[in-house]
Amino acid sequence: MDVYDSKDYRYARDWMKETLRLLDEEGHSSTVDLSDVYDHLSFAEYKLGNLKRAAHYTRLMLQNDPTHARAQRNVAYFEELIRTEPEKYINQDDERGEEGEGETAESRESMTQYERYQSLCRGPWPLPKEYDSELTCFYYDNHRTPSLVIRPVKVEVVFHKPRIFMLRGILSEREMDRLKELAGPILKRATAKNADSGKDEPAHYRISKSGWLSSKHDPLGYVDRIDRRIEDFTGLTMSTAEQLQVVNYGIGGHYEPHYDFGTDEASFTDGKDRNRIATVLFYLSDVELGGATVFPIVGARIQPFKGDAAFWWNLKKSGEGDMLTRHAGCPVLVGTKWGVLALRAQALSIMLPCLVCRETCLETRNIINANEFLCSLQQVDT
Ligand SMILES: O=C(O)CCC(=O)C(=O)O
């Protein structure tokens, strides 16, 4: 009922439909009132502009209880609206069937950003044609950094604009278990900054638990080791980064589209509160269904795989926010999702000079790909 009360009618509709499906399975043993479900479903469809469906569910309500006066009035009202102002009241959904059916590249273009987020959460979009020959993978040791010479990072470029890199198998089972163990006692309902009050508060668009981990939580040194690995493969210092943030989503948990960098003036100019230049998102679990990380502006989608991490730049070389990096954590439908957000380092972090990049690239195994990775990791045009 939360989604209903918060006027999130799309989700309300989905939950009501799921209730209908379960009622169908459970038959008469359920205590849920079928009329009540039709009533809510009808109202959600009405609010979404789908009058034919609203009328349909209200008629089903009447089959259950033919004397229901409000349902009788509503059917008459919906039918009148459909008859007199069809263009205004019949949403495309009515003609097209269920949401998501018949999506095309053109229909995606005209979607709102929120609809793009929802569509990507349902499943991946085809990658742009020009990517066919360009997505690559390679081993990476960042200028022969000793730890990475011993164990190079397996990098996969999964999207070009913005560059999104997957670092495959970057965490071991032991490290992931340790992070979850450390996070257990400190997890709390996640918050987000309220634009009006400026305070961190629980928000309906961010449903998860989170907790901040620093090396002082971990006498066994796992947190330090992971910080060092991040420094090694990015060349960025963690000394100005935030602590690692462990996040845990239960069923229905999600984080709607947002930027990791601050968009207000102060984030760019305030010397103390420096902006986040990059994000590393480690996945500490697979997710059975749902839970993808999606980028609705560009149509990118990452399905979490335990042990992998995603990396992208939030700020451009100029220090401006990269508006293409708007991203979201999709609702978890089955299972749980564990992640760790790291780095999101702040603007004064050290970047290695390009010159080093170009020279060292010549010695690496895969010159073209590694050069591209190094230079984009350092935000230098190749
Ligand atoms: O869970 C995800 O996939 C994204 C998380 C995220 O964007 C965040 O916490 O800032």
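How are H2 and H3 oriented to each other, roughly parallel or roughly antiparallel? Select residues 9-26 for H2 and residues 34-47 for H3. Their axes come within 9 Å and cross at roughly 150 degrees. Angles over 145 degrees count as roughly antiparallel, so H2 and H3 are roughly antiparallel to each other. The crossing of H2 over H3 is left-handed. Show side chains for the contact: H2 supplies Tyr9, Ala12, Arg13, Met16, Thr19, Leu20 and Leu23, and H3 supplies Leu34, Val37, His40, Leu41, Ala44, Glu45 and Lys47.

**Overview**

Zoom out. This is a predicted model. The protein chain has 15 helices and 18 strands. Of its 382 residues, 35% count as buried. Take the contacts with a separation of 6 or more: 66% of them join residues 24 or more positions apart.

**Stop 1**

Select residues 51-64, helix H4. H4 has 14 residues. From first C-alpha to last it reaches 20 Å, close to the 20 Å expected at 1.5 Å a residue. Color by burial. Buried residues in H4 are Leu51, Arg53, Ala54, Ala55, Tyr57, Thr58 and Met61.

H4 passes H5 in a left-handed crossing. On the H4 side, the contact uses Leu51, Lys52, Ala54, Ala55, Thr58, Arg59, Met61 and Leu62. On the H5 side, look for Ala71, Gln72, Asn74, Val75, Phe78, Glu79, Leu81 and Ile82. Leu51, Ala54, Ala55, Thr58 and Met61 are among the buried residues of H4, and they are also among its contacts with H5.

**Stop 2: the nine-stranded sheet**

Nine strands form an open sheet, ordered S1-S2-S3-S15-S11-S18-S9-S8-S4, with antiparallel pairing. Which strands stand at the edges? They are S1 and S4 (188-189). Each has a single partner strand, so one side of each is left without a neighbour in the sheet.

Two bridges join S4 to strand S8, residues 209-213, and the two run antiparallel. Arg189 stands opposite Lys209 in S8. Bring back helix H11, residues 173-183. H11 packs on the sheet, where it touches S8, S9 (244-249) and S18. The direction of H11 makes about 105 degrees with that of S8.

**Stop 3: strand S11**

Select residues 278-283. This is S11, and six of its six residues are buried. Ala278, Val280 and Phe282 point one way. Thr279, Leu281 and Tyr283 point the other way.

Which strands pair with S11? One is S15, residues 309-313, which pairs with S11 in the antiparallel sense over five bridges. Leu281 stands opposite Ala310 in S15. Another is S18, residues 337-342, also antiparallel to S11, over four bridges. Here Val280 stands opposite Ala342.

**Stop 4: the five-stranded sheet**

Select S7, S10, S16, S13 and S14. Five strands form an open sheet in that order, and the pairing is antiparallel. The edge strands are S7 (206-207) and S14 (300-302), each pairing on one side only. S7 joins S10, residues 254-258, through two bridges, and they run antiparallel. Arg206 stands opposite Tyr255 in S10.

**Stop 5: backbone exceptions**

Most residues other than glycine have a negative phi, and most peptide bonds are trans.

- Asn142 has a phi near 40 degrees, a positive value. It lies in the loop between S1 (137-140) and helix H10 (146-150). Asn142 is buried, with 23 other C-beta atoms within 10 Å.
- Arg144 has a positive phi near 60 degrees. Arg144 is in the loop between S1 and H10. With 11 C-beta neighbours inside 10 Å, Arg144 counts as exposed.
- Find Pro162 in the loop between S2 (153-159) and S3 (164-168).

Notes: Residues numbered from 1 in each chain as written. Predicted model: local features only at pLDDT ≥ 70, side-chain atom pairs only at ≥ 80, totals over all residues. Pairing = 2+ DSSP bridges. Expected span 1.5 Å × (residues − 1). Buried ≥ 20, exposed ≤ 12 C-beta atoms within 10 Å, placed from the backbone. Axes fitted to C-alpha atoms, helices over the stretch in contact; angles between N-to-C directions. Parallel < 35°, antiparallel > 145°, perpendicular 65-115°, else oblique. Left-handed = near helix turned anticlockwise from the far one by under 90°. Contact = placed C-beta atoms within 7 Å.
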